[in-house]
Amino acid sequence: MFSKILIGVDGSDPALHALKAACELARMCDAAIYLAHIPHPETVAFATGAVAGYHMVTTMPDEKTVQAAADKIIAAATDVVTQAGCTVADSITERGDPGDKVLEIAARIDADLIVTGRRGLGNIAGLILGSTSQRITHHAPCAVLSVP
């Protein structure tokens, strides 16, 4: 049914649930797993500072901080995939709008399923930045699974 599954990861609990669900599907379908992480300075700022303090939200992280966070998220996601008995065919980290980039990557790799967490950053950041999962669902070139 599915041969290439693209999973959007951002380090959030919903993304972890999506990753685990995608691994189950990949095992059942013998599908290749692709990880996509789109670090965005604003989302890194919200993820690292929205609870800790207002100053973190208004101070955007530098490129080195963004890349270090991206590397950790991809490594953690790869560990989850490996522990589930699957392998990662490729992990892709690109800059830009997360929704747009996931859609571009899906088209580029000819994915037949995109799996995302329903809400990554939480309600407040989602309202400000927009819902990545909603954008992907409305514009995807393939099937989409949005996991709570």
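The model is predicted, so please read every value below as computed from it. The protein has seven helices and five strands, and 42% of its 148 residues count as buried.

**Overall fold**
- Going along the sequence, the elements follow the pattern β-α-β-α-α-α-β-α-β-α-α-β.
- Among contacts with a separation of 6 or more, 77% are between residues 24 or more positions apart.

**Nonpolar cores**
- The largest nonpolar core holds 22 residues, of which Ile5, Ile7, Val9, Leu19, Ile33, Leu35 and Val115 touch the most other members.
- Two or more residues of this core come from each of strand E1 (4-8), helix H1 (13-29), strand E2 (32-37), helix H4 (63-83) and strand E4 (113-117).
- Helix H1 gives the largest share of this core, with six residues.
- A separate core of 14 residues lies apart from the largest one, and its members include Ile92, Ile114, Ile136 and Cys142.

**A closer look at Val115**
- Which residues does Val115 touch, not counting those up to four places away in sequence? They are Ile5, Leu6, Ile7, Gly8, Ala18, Ala22, Leu145 and Val147.
- Val115 is also one of the residues that touch the most other members of the largest core.

**Glu94**
- You will find Glu94 in the loop between strand E3 (88-93) and helix H5 (98-109).
- Is Glu94 buried or exposed? Its relative accessibility is 17%, which is under the 20% limit, so Glu94 counts as buried.
- The side chain of Glu94 makes a polar contact with the side chain of Arg108, at 2.5 Å.

**Ala143**
- Ala143 lies in strand E5, which covers residues 143-147.
- With a relative accessible area of 34%, Ala143 falls between the 20% and 50% limits and is therefore partly exposed.
- Ala143 and Leu113 are 30 residues apart in sequence, yet their C-alpha atoms are 4.8 Å apart in space.
- Leu113 is one of the residues that Ala143 touches, along with Phe2, Asp112 and Ile114, when residues up to four places away in sequence are not counted.

Methods. Residues numbered from 1 in each chain as written. Predicted model: local features only at pLDDT ≥ 70, side-chain atom pairs only at ≥ 80, totals over all residues. Heavy atoms only, no water. Helix = DSSP H or I, 4+ residues; strand = E, 2+ residues; numbered from the N terminus. Buried < 20%, exposed > 50% of the residue type's maximum accessible area, 1.4 Å probe, protein only. Polar contact = N/O pair within 3.5 Å; in protein donor to acceptor, adjacent residues only side chain to side chain. Contact = heavy atoms within 4.5 Å. Core = buried A, V, L, I, M, F, W, Y, C linked by side-chain atoms within 4.5 Å.
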